[in-house]
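The exercises below ask you to read a structure step by step. Please try each task yourself before you turn to its solution.

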Amino acid sequence: NMMLLPSQLKEMIQKQNNNIKLNVLAASTLITSAVIDYKKEHSDIDVDLIQNEETNVFDICVRTYANYRPELDHTNSDETFVHSEKIFLAVPNIARYKKMNSISLFDLRDEKFIRLYGSKQYRKICNELCERVGFNANVTFESDNALAVKEAVAAGIGVGFWPELSWGKMDHKKVRLLEVTDTEFKRDIVVSLRRNQQGDSKTEAFYNYLTHYILRRKKKKRSVNP
(Lines give C-alpha, C1' and ligand atoms only; values in the text may rest on other atoms or scores of the structure.)
Protein backbone atom coordinates (compact mmCIF):
# COMPACT_ATOMS: atom_id res chain seq x y z
CA ASN A 1 0.00 0.00 0.00
CA MET A 2 1.28 3.38 -1.00
CA MET A 3 1.74 5.72 1.96
CA LEU A 4 -0.03 9.01 1.60
CA LEU A 5 1.97 12.13 2.32
CA PRO A 6 0.48 14.41 5.00
CA SER A 7 -0.16 17.07 2.32
CA GLN A 8 -2.07 14.53 0.15
CA LEU A 9 -4.03 13.37 3.17
CA LYS A 10 -4.90 16.96 4.03
CA GLU A 11 -6.01 17.54 0.43
CA MET A 12 -8.22 14.44 0.48
CA ILE A 13 -9.90 15.47 3.74
CA GLN A 14 -10.35 19.01 2.44
CA LYS A 15 -11.97 17.67 -0.75
CA GLN A 16 -14.25 15.44 1.29
CA ASN A 17 -15.24 18.36 3.50
CA ASN A 18 -16.05 20.47 0.44
CA ASN A 19 -18.39 17.83 -0.95
CA ILE A 20 -22.12 18.11 -0.20
CA LYS A 21 -24.42 15.23 -1.13
CA LEU A 22 -27.80 16.71 -1.99
CA ASN A 23 -30.72 14.35 -2.57
CA VAL A 24 -33.39 16.21 -4.57
CA LEU A 25 -36.75 14.43 -4.55
CA ALA A 26 -38.84 17.58 -5.08
CA ALA A 27 -38.71 21.13 -6.47
CA SER A 28 -35.72 20.23 -8.64
CA THR A 29 -36.03 23.37 -10.83
CA LEU A 30 -35.87 25.64 -7.79
CA ILE A 31 -33.14 23.68 -6.01
CA THR A 32 -30.95 23.49 -9.14
CA SER A 33 -31.17 27.30 -9.51
CA ALA A 34 -30.10 27.65 -5.88
CA VAL A 35 -27.10 25.35 -6.41
CA ILE A 36 -26.02 27.27 -9.55
CA ASP A 37 -26.24 30.60 -7.69
CA TYR A 38 -24.34 29.22 -4.70
CA LYS A 39 -21.54 27.83 -6.90
CA LYS A 40 -20.96 31.32 -8.36
CA GLU A 41 -19.89 32.52 -4.91
CA HIS A 42 -18.39 29.25 -3.63
CA SER A 43 -16.61 27.58 -6.53
CA ASP A 44 -14.65 25.34 -4.14
CA ILE A 45 -17.82 23.60 -2.94
CA ASP A 46 -18.71 20.46 -4.84
CA VAL A 47 -22.45 19.70 -4.72
CA ASP A 48 -23.34 16.13 -5.66
CA LEU A 49 -26.91 16.15 -6.95
CA ILE A 50 -28.69 12.81 -6.61
CA GLN A 51 -32.29 11.67 -6.95
CA ASN A 52 -32.81 8.49 -5.01
CA GLU A 53 -35.88 7.77 -2.89
CA GLU A 54 -34.32 4.62 -1.46
CA THR A 55 -31.08 6.06 -0.09
CA ASN A 56 -30.34 7.37 3.37
CA VAL A 57 -26.87 8.53 2.35
CA PHE A 58 -27.10 12.31 2.02
CA ASP A 59 -26.08 15.53 3.76
CA ILE A 60 -29.20 17.42 2.69
CA CYS A 61 -32.45 16.03 1.33
CA VAL A 62 -35.40 17.86 -0.30
CA ARG A 63 -38.76 16.08 -0.18
CA THR A 64 -42.41 16.98 -0.48
CA TYR A 65 -45.65 15.91 1.20
CA ALA A 66 -49.30 16.95 1.05
CA ASN A 67 -48.98 17.43 4.80
CA TYR A 68 -45.64 16.90 6.53
CA ARG A 69 -45.79 15.22 9.94
CA PRO A 70 -42.50 15.40 11.86
CA GLU A 71 -43.44 12.46 14.09
CA LEU A 72 -43.51 10.17 11.02
CA ASP A 73 -40.14 11.34 9.72
CA HIS A 74 -37.51 8.61 10.02
CA THR A 75 -34.63 10.26 8.15
CA ASN A 76 -32.66 10.92 11.37
CA SER A 77 -32.17 14.55 10.39
CA ASP A 78 -30.60 17.06 12.73
CA GLU A 79 -32.55 19.98 11.35
CA THR A 80 -35.64 20.32 9.20
CA PHE A 81 -37.05 23.28 7.30
CA VAL A 82 -40.67 23.12 6.13
CA HIS A 83 -42.16 25.48 3.58
CA SER A 84 -45.78 25.32 2.36
CA GLU A 85 -46.59 26.36 -1.18
CA LYS A 86 -49.94 26.64 -2.88
CA ILE A 87 -50.72 24.48 -5.88
CA PHE A 88 -52.69 26.42 -8.46
CA LEU A 89 -54.51 25.24 -11.53
CA ALA A 90 -52.93 26.48 -14.76
CA VAL A 91 -55.58 27.12 -17.42
CA PRO A 92 -55.43 28.70 -20.87
CA ASN A 93 -56.08 32.44 -20.79
CA ILE A 94 -59.27 32.21 -22.85
CA ALA A 95 -62.70 33.87 -22.49
CA ARG A 96 -64.02 31.05 -20.26
CA TYR A 97 -61.40 31.68 -17.55
CA LYS A 98 -60.52 35.33 -18.23
CA LYS A 99 -62.36 36.92 -15.30
CA MET A 100 -61.74 34.10 -12.80
CA ASN A 101 -59.26 33.97 -9.94
CA SER A 102 -60.46 30.69 -8.43
CA ILE A 103 -62.31 27.57 -9.56
CA SER A 104 -63.79 24.29 -8.35
CA LEU A 105 -62.27 21.14 -9.83
CA PHE A 106 -65.79 19.94 -10.53
CA ASP A 107 -66.16 22.74 -13.10
CA LEU A 108 -63.38 20.97 -14.98
CA ARG A 109 -65.02 17.56 -15.33
CA ASP A 110 -64.76 17.75 -19.11
CA GLU A 111 -61.27 19.24 -19.21
CA LYS A 112 -58.22 17.22 -20.19
CA PHE A 113 -55.49 17.29 -17.53
CA ILE A 114 -51.79 17.49 -18.24
CA ARG A 115 -49.75 15.96 -15.48
CA LEU A 116 -46.13 16.29 -14.52
CA TYR A 117 -44.66 12.84 -14.75
CA GLY A 118 -41.19 13.59 -13.36
CA SER A 119 -41.69 13.66 -9.62
CA LYS A 120 -43.39 10.67 -8.03
CA GLN A 121 -43.95 12.61 -4.82
CA TYR A 122 -45.58 15.62 -6.50
CA ARG A 123 -47.82 13.38 -8.60
CA LYS A 124 -48.88 11.47 -5.49
CA ILE A 125 -49.78 14.73 -3.73
CA CYS A 126 -51.96 15.95 -6.63
CA ASN A 127 -53.69 12.55 -6.71
CA GLU A 128 -54.23 12.63 -2.93
CA LEU A 129 -55.71 16.14 -3.06
CA CYS A 130 -58.08 15.15 -5.89
CA GLU A 131 -59.09 11.97 -4.05
CA ARG A 132 -59.74 13.98 -0.88
CA VAL A 133 -62.58 15.83 -2.63
CA GLY A 134 -63.66 12.86 -4.77
CA PHE A 135 -62.49 14.35 -8.07
CA ASN A 136 -61.20 12.10 -10.81
CA ALA A 137 -58.96 14.05 -13.21
CA ASN A 138 -59.08 13.00 -16.85
CA VAL A 139 -55.30 12.80 -17.47
CA THR A 140 -54.61 12.69 -21.20
CA PHE A 141 -50.98 13.76 -21.33
CA GLU A 142 -47.96 13.41 -19.04
CA SER A 143 -44.72 15.32 -19.27
CA ASP A 144 -41.59 15.31 -17.11
CA ASN A 145 -40.94 18.97 -17.85
CA ALA A 146 -42.60 21.96 -16.16
CA LEU A 147 -41.91 24.15 -19.20
CA ALA A 148 -43.64 21.64 -21.48
CA VAL A 149 -46.69 21.63 -19.18
CA LYS A 150 -46.80 25.44 -19.37
CA GLU A 151 -46.56 25.44 -23.19
CA ALA A 152 -49.18 22.69 -23.52
CA VAL A 153 -51.63 24.65 -21.32
CA ALA A 154 -50.93 27.80 -23.35
CA ALA A 155 -51.67 25.87 -26.54
CA GLY A 156 -55.05 24.80 -25.15
CA ILE A 157 -54.14 21.09 -24.95
CA GLY A 158 -55.38 20.89 -21.36
CA VAL A 159 -55.06 22.21 -17.81
CA GLY A 160 -52.48 21.32 -15.15
CA PHE A 161 -51.50 21.76 -11.51
CA TRP A 162 -48.81 24.40 -10.94
CA PRO A 163 -46.87 24.77 -7.65
CA GLU A 164 -46.49 28.53 -7.13
CA LEU A 165 -42.94 28.72 -5.85
CA SER A 166 -40.92 25.80 -7.13
CA TRP A 167 -41.92 26.21 -10.77
CA GLY A 168 -41.46 29.96 -10.75
CA LYS A 169 -43.97 32.66 -11.55
CA MET A 170 -46.28 32.17 -14.48
CA ASP A 171 -44.74 34.43 -17.11
CA HIS A 172 -46.85 33.17 -19.99
CA LYS A 173 -49.46 35.62 -21.29
CA LYS A 174 -51.59 32.73 -22.54
CA VAL A 175 -51.85 31.00 -19.14
CA ARG A 176 -53.78 31.96 -15.99
CA LEU A 177 -53.29 30.50 -12.51
CA LEU A 178 -56.50 29.86 -10.58
CA GLU A 179 -56.87 28.96 -6.92
CA VAL A 180 -58.63 25.63 -6.29
CA THR A 181 -61.62 26.18 -3.98
CA ASP A 182 -62.52 22.57 -3.06
CA THR A 183 -59.82 22.00 -0.46
CA GLU A 184 -56.53 23.53 0.63
CA PHE A 185 -54.47 22.73 -2.43
CA LYS A 186 -50.88 22.94 -1.21
CA ARG A 187 -47.80 20.91 -0.55
CA ASP A 188 -45.01 21.06 2.01
CA ILE A 189 -41.44 21.23 0.78
CA VAL A 190 -39.14 19.74 3.41
CA VAL A 191 -35.38 20.36 3.50
CA SER A 192 -33.51 18.11 5.95
CA LEU A 193 -29.97 18.54 7.16
CA ARG A 194 -27.85 15.74 8.50
CA ARG A 195 -24.70 16.87 10.25
CA ASN A 196 -21.47 14.91 9.77
CA GLN A 197 -18.69 14.63 12.26
CA GLN A 198 -16.20 16.75 10.35
CA GLY A 199 -16.50 19.68 8.03
CA ASP A 200 -20.21 20.09 8.57
CA SER A 201 -19.94 23.88 8.72
CA LYS A 202 -19.82 23.94 4.89
CA THR A 203 -22.91 21.74 4.69
CA GLU A 204 -24.65 23.86 7.27
CA ALA A 205 -23.76 27.06 5.41
CA PHE A 206 -25.26 25.64 2.22
CA TYR A 207 -28.35 24.40 4.09
CA ASN A 208 -28.90 27.92 5.47
CA TYR A 209 -28.41 29.40 2.00
CA LEU A 210 -30.94 26.96 0.51
CA THR A 211 -33.63 27.63 3.10
CA HIS A 212 -33.18 31.41 2.79
CA TYR A 213 -33.25 31.08 -1.00
CA ILE A 214 -36.69 29.45 -0.78
CA LEU A 215 -37.96 32.17 1.57
CA ARG A 216 -36.57 34.93 -0.65
CA ARG A 217 -38.29 33.43 -3.69
CA LYS A 218 -41.57 33.54 -1.80
CA LYS A 219 -41.16 37.23 -0.99
CA LYS A 220 -40.21 38.08 -4.57
CA LYS A 221 -43.24 36.30 -6.01
CA ARG A 222 -45.53 38.68 -7.86
CA SER A 223 -49.32 38.49 -7.76
CA VAL A 224 -50.64 35.36 -9.42
CA ASN A 225 -52.57 36.96 -12.26
CA PRO A 226 -51.13 40.34 -13.18
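A salt bridge here is a side-chain nitrogen of Lys or Arg within 4 Å of a carboxyl oxygen of Asp or Glu. The model is a predicted one, in which local features need pLDDT of at least 70 and side-chain atom pairs count only at pLDDT 80 or more, while totals for chains, interfaces and linings use all residues. Residues are numbered from 1 along each chain as its sequence is written, and side-chain values use heavy atoms, with hydrogens and water left out.

**Exercise 1.** Find how many salt bridges the rule gives, and describe the one between arginine 63 and aspartate 73.

Solution. Begin with the general idea that side chains of opposite charge can pair when their charged atoms come close. Applying the rule gives a count of twelve salt bridges. In one of them, the side chains of arginine 63 and aspartate 73 meet at 3.1 Å, N to O. Strands are DSSP runs of E with at least two residues, helices are runs of H or I with at least four, and both are numbered from the N terminus. Finally, both arginine 63 and aspartate 73 are buried, where buried means under 20% relative accessible area, exposed over 50%, and partly exposed in between (1.4 Å probe, protein chains only).

**Exercise 2.** Decide whether glutamate 111 is buried or exposed, and explain what its pairing with arginine 96 ties together.

Solution. First, the side chains of glutamate 111 and arginine 96 form a salt bridge at 3.4 Å, N to O. Glutamate 111 lies in the loop between strand 5 (102-103) and strand 6 (113-116), and arginine 96 in the loop between strand 4 and strand 5, so the pair ties together parts that are 15 residues apart in sequence. Glutamate 111 has a relative accessible area of 17% and is therefore buried, while arginine 96, with 44%, is partly exposed.

**Exercise 3.** Which residues of helix 2 are buried, and where do they lie around the axis?

Solution. Helix 2 (residues 28-41) has 14 residues. Its buried residues are Leu30, Ile31, Ala34, Val35 and Tyr38. They cover an arc of only 135° around the axis, which means that they are on the same side of helix 2; the arc is that of the directions from the helix axis to the C-beta atoms. As a general rule, an α-helix has 3.6 residues a turn, so residues three or four places apart point the same way.

Key. Expected span 1.5 Å × (residues − 1).
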